[in-house]
Amino acid sequence: MSSDMDHLCQVGGGRGGRMQPEDVPVDDSAEVRLALFDFAFDHAPIGIAVVDVEGRIVRGNDAFSELVGIPLPALRGTPFADFTHPDDLDADLVLFRDVLAGNRDGYTIEKRYVRPDGHIVDVVIHVAAMRDNSGKVVRFLSQIEDITAHKEHERQLAEKAAQLQLAMEALRGGFWHMDVSTNTFETSDRLAEFIGGPEAAKLDLKRYLERVNPDDSVAVDLTPLLSGTVDQSVAEYRLETVSGEKWMRCDRRLLRDPDGRPRRIVGVAIDFTQEHERLEASERNSQSDALTGLLNRRGLASRYEQMVTASGIGVLAIDLDGFKLVNDCLGHPAGDYVLQETARRLGACIRFTDLAARTGGDEFILVIAGDRHAVEGIAERIILAMRQAMTLGDTQADVRATIGGAWSDAKIDLARLTSQADAVLYACKSGGKDTWAVETS
C-alpha cells in the first residue's frame, strides 16, 4: 500500500537556521509515507477498513471495531457479509462485484451492521478501489460513518409525517399560509378542495375572504398578527363551501425571522359546524349563559316561577352604551371581556335573592323582589358602577348602561313586566343614554 501513498511530509533546515520553502528537502521514503498513513488510519474519527477482493477485512481501525462491535484481532479475515444486515447484503455485493468487474472505481451506500449483541447500527459507506500498476483491483478502502442518530431522526419525522397525513385525511378543512413581506396568501390544496370541490384551485386572500360571512369579518382580521402584536390567535367564523355554510375554527400562528420581525403566518381552519350546533343546542337547553355565568332566558323563566315576594317585584331591562364600538375596534375577545365585567358589576349591585340574566348580545334583565324604592336604588347603583372605565390591556373602554324598569306590587306575568321595562328602556335611549327610569305596572 505504501507505493500508493501521496507525499505528506516535508522536513529539513535552511540558511542561518531559518527554514525557507525553497530549501526544504523532501523525504519521499516509503517509511515516512506509511507512518503518516498508519497514523491517519488508526486515529481517524470515523471507521476505516481495508477489504480484500473476497470481501474479508484485512485491516480496521478502532472506530470501525466499535461500530461493528467486534475486537480488531477478531475482525481480521472476517467477511463483511458476516455483520451486514441480511436485507442490505445483496445491494452491497452487487456494487462490490461491479467494481471488481471494472465497471466503476467505487461506490457509496447506506446499510446496517448487526453487532454480536443484536444491536443494529445504521451506516453510510464510501468505498474506493485500490489498484496495482496494471490496474487490477487488489484492495478496497472503506470509510464508514455512523448515521444511526440521523436515521432515527428520519424515522421519527416519517412517523410524524404519516400521523399528520392521517390527521389531514380525517380533517374537515385544511391549511393556509401568508407571507408577511409580500402579503401573499394561499390555501393548501386540501382546504381549496374543502371550499370549492375536487377541481378547485388554491385561493388567494381576496377569494378566501369573499367566502367568509360578512357578519364575521372582524373575526378573520389578521392585523394583530401582521403587526407582530400577538404571536397566535384563534378565530371562529362562517365560511361558504361547496357543501354549504360551515362554522370554521382557525388556529393562526405567527413565525418570525431571526431578528424577531414577522415573516409568515400559518393557519389551520377546521370545520366544527357539528360541534357548534351541539354547543348551541346545549346552551338552548341550559339555564345559564356560557360566557357570563348569569341566567339565560330559559333559566330566568324557571327561577322566576320559584320567586316569592310580599312587597312587590320589579324588572330592569339593561342595554350597554358603546359596546358595539368595542367589538368593532378591539375585536370580539375585548367585547367578551366587557360582557363578563358587566355581569360582575351587576352581581355586585343586587342581592342573592334577586335574579340576573343575559338575554341577548349586550342585553341584560334583572328581577328584583321588593318595593319600588328598592328597584330604583339598584338601578341607580348600576348606572354609577357602569360609569367606571374598563381597562383592556393598554386601552380603556367607556361602556355605560341605559336602564328601563317596570314595577308591580304583585307578582305578575314575567313577559308582561319585561315588555313594559323594554318600552321604558327604549324611551330612555331616545331621550339620552346613561340614564334610568322605572314605571309602575
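I take contact to mean heavy atoms within 4.5 Å. The model I am reading is predicted.

**Entry 1: leucine 316**

I looked up the contacts of leucine 316, setting aside its neighbours within four places in sequence. I found Phe364, Ile365, Leu366 and Ile368 in contact with leucine 316.

**Entry 2: the nonpolar cores**

I next asked which members of the largest nonpolar core touch the most other members. I noted Leu316, Ile318, Leu320, Val338, Leu366 and Ile382, out of 32 residues in that core. At least two core residues come from each of β11 (313-321), α11 (323-330), α12, β13 (363-369), α13, β14 (390-392) and β16 (400-408). I recorded α13 as the element that gives the most, with seven residues. Another core, of 27 residues, lies apart from this one; Leu72, Phe80, Tyr113 and Ala129 are among its members.

**Entry 3: α12 against α13**

I then examined how helix α12 (residues 332-349) meets helix α13 (residues 372-386). Their axes come within 9 Å and cross at roughly 145°, and the crossing is right-handed. On the α12 side I listed Thr342, Arg345, Leu346 and Cys349; on the α13 side, Ile378, Arg381, Ile382, Ala385 and Met386. I sorted the residues of this contact into six nonpolar, one polar and two charged.

**Entry 4: the five-stranded sheet**

I traced an open sheet of five strands in the order β2-β1-β5-β4-β3, with antiparallel pairing. Why is one side of β2 (57-60) and of β3 (106-114) left without a neighbour in the sheet? Both strands stand at the edges and each has a single partner strand, so one side of each remains without a neighbour there. Neighbouring strands are turned by 30° against each other on average, direction ignored.

I followed the pairing of β3 with strand β4 (residues 120-131), which is antiparallel and extends over nine bridges. In β4, I identified valine 127 as the bridge partner of tyrosine 107.

**Entry 5: helices on the sheet**

I looked for helices that pack on this sheet. Helix α1 (residues 30-43) touches β1 (47-51), β2 and β5 (137-146), and its direction makes about 85° with that of β2. Helix α4 (residues 86-100) lies across β1, β3, β4 and β5. I noted that α4 runs at about 150° to β3.

Terms used. Residues numbered from 1 in each chain as written. Predicted model: local features only at pLDDT ≥ 70, side-chain atom pairs only at ≥ 80, totals over all residues. Heavy atoms only, no water. Axes fitted to C-alpha atoms, helices over the stretch in contact; angles between N-to-C directions. Helix = DSSP H or I, 4+ residues; strand = E, 2+ residues; numbered from the N terminus. Left-handed = near helix turned anticlockwise from the far one by under 90°. Nonpolar A, V, L, I, M, F, W, Y, C, P; charged D, E, K, R; others polar. Core = buried A, V, L, I, M, F, W, Y, C linked by side-chain atoms within 4.5 Å. Buried < 20%, exposed > 50% of the residue type's maximum accessible area, 1.4 Å probe, protein only. Pairing = 2+ DSSP bridges.
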